[in-house]
Amino acid sequence: MIQMRNKKAIALMLLIVFVSFSFVKINADDWSGKDGGYYTVYLNKTNNVLFRISWDLKVNDMYLSHDNKMYKIIKVDKKNDKAYATYLKTVKLPDVNIEEVSQAMAQKTGERKIAMYSTHSDESYIPTDGTASIYGHGGIYKVDASLSNALSKKGIKTFVDETLYLPHDAMAYRRSRVGALKILKNDRPDLLLDIHRDAAPYQDYIRKIAGTNATGVRLVLGRTNANLKANQDLAFRIKAIADKEYPNLIKDIFYGSGDYNQDLTPNSLLLEFGTDTHTRQRAEESAKFMADVLTKAVYGADEKKQVGTLTNTQKGTTSQNNSAGWGIWILIGVAVFSIVGFMFLSTGGREMMSKIKDYTKKEFSSFLGIFNRDKK
């Protein structure tokens with residue numbers, strides 16, 4: 001009877017942990033969900049508009065403006081779709097010399113790869129697609145294709161995951177996480193991109209880039225993501241290069257309250273190409289410019305050069321290596337916790353401890369046997 005009560009108590013604890021974790025993730029990755037709705041963010045105690053965004057804002061979200069000023073959200077008025085931010089500092093982007101950019105994120109296979117998917121598979125562009133949302137493969141996949149084709153012309157192998165992760169709700173990132181894991185396992189890309197479009201006002205994203213009608217591009221980082229430092233380093237390098245090569249292409253960088261699957265790899269970003277009231281063609285043109293920027297940010301100026309085995313100048317940055325290590329240990333920890341919990345519930349506490357003790361004794365004896373044989 002006592003053992004049964006212990007089992008029920010453990011089961012209840014595991015259920016509470018799971019439900020709590022699920023609740024946090026759902027809120028952290030939630031889209032605003034409003035049809036055509038967006039937040040207007042003001043500089044605190046003023047009427048100065050900093051930016052507008054269709055994400056579901058949270059206090060402590062961050063924002064880097066086009067002129068590299070960092071702000072933090074300090075108040076969110078959900079009822080009136082307003083938020084207020086305070087200025088933190090001006091960020092100095094890295095002084096990137098494109099000719100000297102190392103292939104820091106290249107795999108040891110020597111083949112250059114960039115993969116992409118779209119968590120919000122329905123996202124479309126009203127003037128071109130006739131609606132902002134298509135329940136199926138939305139116009140956003142045309143933007144994926146434009147980016148992929150432009151990268152391919154630069155000698156980069158690309159993979160576009162066209163799996164549908166519908167519906168467009170708070171669980172979408174849970175569903176696309178499965179696809180992202182599959183891509184990382186099977187394709188091992190140097191860079192993994194989640195392609196979106198915003199739903200902010202038309203004028204916020206309208207651009208003329210190199211004489212071409214295009215859209216601005218927003219980079220999005222998950223601030224609760226264990227790889228944030230590495231992802232931010234990458235985003236800063238991309239913005240620094242774009243600011244020199246194609247001024248105004250990168251609209252800004254938003255730090256949302258979720259992780260957006262960026263915890264799976266240090267080399268991951270979420271990109272928003274324009275907004276729903278733009279023609280899709282504008283976003284497709286911006287994708288071509290972004291292909292050039294990404295190529296230079298990831299592989300350097302020599303587009304033809306194969307990476308080969310990593311050299312001392314091609315190693316991942318410290319933040320990337322540390323983030324990757326932490327990500328692996330977190331995943332291992334979750335797996336161990338789950339297995340131990342299952343074993344406890346399945347066998348009972350005393351039986352489980354007895355099995356672990358017997359297994360450990362057996363394995364340790366085997367290890368000693370191998371060690372002794374090696375000494376002979």
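Predicted model: local features only at pLDDT ≥ 70, side-chain atom pairs only at ≥ 80, totals over all residues.
Tutor: Residues are numbered from 1 along each chain as its sequence is written, and side-chain values use heavy atoms, leaving out hydrogens and water.

Student: Why is Asp276 called buried?

Tutor: Buried means under 20% relative accessible area, exposed over 50%, and partly exposed in between, with a 1.4 Å probe and protein chains only. Asp276 has a relative accessible area of 9%, and is therefore buried.

Student: What makes the Asp276 and Thr275 side chains a polar contact?

Tutor: A polar contact is a pair of N or O atoms within 3.5 Å, one able to donate a hydrogen and the other to accept it within protein; residues adjacent in sequence count only if both atoms are side-chain atoms. The contact here joins the two side chains at 3.2 Å, so it meets the definition.

Student: Which residues beyond four places in sequence does Asp276 contact?

Tutor: With contact meaning heavy atoms within 4.5 Å, they include Ser124, Tyr125, Arg197 and Asp198.

Student: How do you know that strand S3 pairs with S12?

Tutor: Two strands pair if DSSP finds at least two bridges between them. S3 (residues 62-64) and S12 have 3 bridges, in the antiparallel sense, so they pair. Within this pairing, Met62 stands opposite Tyr255.

Student: What joins S11 to S12?

Tutor: S11 (residues 217-222) runs parallel to S12, joined by 6 bridges; Gly222 has Gly256 as its bridge partner.

Terms used. Helix = DSSP H or I, 4+ residues; strand = E, 2+ residues; numbered from the N terminus.
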